[in-house]
Amino acid sequence: MLEELVYSAAQRALDQQSTALSDLRTRTSTLVAAATLSASFLGAAAIGHSAPAWAAVLAMAAFLLTGAFAGGVLWPARVLFAVDVDRVQEELSPYREDPAVYILRAAHGLRDAYLENKTVIERRELVFSLALLALGAETLLWALALALT
């Protein structure tokens, strides 16, 4: 039945979004670890060798910026990967006599959740990209600070 295929596709799309958000959070946690290691090792070496203050300050600012962006990705998101069964039953009960319409309406509800989630996830992916750029800047600034000692 076509309606069941549409519903299954909508359900799979929500499952894929859930996995994508989980993967993004995992990558962000790894990015935080990399930023911390960069600041710990390169920063300690640069400061220990009397690196120019401006380079150390800029590198620390990039580290803090990386943390702020990472926090934006890791902050709990308002996304919906499951439906409120009671609400769905209430909204769809008038269509109980026509299973095709019932299933299609349910699929549309899942699609609406998918579209709302998509906006949130895309924003978080952008913020992750900014965190990655900040990490790159941090590492380069610490390396520059070391080179100038």
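Residues are numbered from 1 along each chain as its sequence is written. In this predicted model, local features need pLDDT of at least 70 and side-chain atom pairs count only at pLDDT 80 or more, while totals for chains, interfaces and linings use all residues; side-chain values use heavy atoms, with hydrogens and water left out.

Reader: How many helices and strands are there in the protein chain?
Author: Helices (H or I, at least four residues) and strands (E, at least two) are DSSP runs, numbered from the N terminus. Along the sequence, the pattern is α-α-α-α. The count is therefore four helices and zero strands.

Reader: What is the radius of gyration of the protein chain?
Author: The C-alpha atoms fill a box of roughly 80 × 25 × 15 Å along the principal axes. The radius of gyration is taken over C-alpha atoms, and the globule rule is 2.2 Å times the number of residues to the power 0.38. A compact globule of 149 residues would have a value near 15 Å, but the protein chain has 23 Å.

Reader: Is Ser50 buried or exposed?
Author: Ser50 is found in the loop between helix 1 and helix 2 (53-74), and has a positive phi of about 55° although it is not a glycine. Buried means under 20% relative accessible area, exposed over 50%, and partly exposed in between (1.4 Å probe, protein chains only). With a relative accessible area of 61%, Ser50 is exposed.

Reader: Which residues make the nonpolar surface patch of about 360 Å²?
Author: Patch residues have over 30% relative accessible area and no salt bridge; like charges are joined within 9 Å, and nonpolar side chains (Val, Leu, Ile, Met, Phe, Trp, Tyr) within 5 Å. Accessible areas come from the Shrake-Rupley method with a 1.4 Å probe, and for residues only the protein chains shown count as cover. Helix 1 (residues 2-48) gives the largest share, three residues. The patch is made by Leu2, Leu5, Val6 and Leu104.

Reader: Which side chains meet in a salt bridge?
Author: A salt bridge is a side-chain nitrogen of Lys or Arg within 4 Å of a carboxyl oxygen of Asp or Glu. A search of the whole structure finds one. At 2.9 Å, N to O, the partners are Arg111 and Asp112.

Reader: The charged end of which residue sits over the ring of Phe128?
Author: A charge sits over a ring if NZ of Lys or CZ of Arg is within 6 Å of the ring centre and within 35 degrees of the ring normal. Here, at 5.2 Å from the centre of the Phe128 ring, the residue is Arg27.
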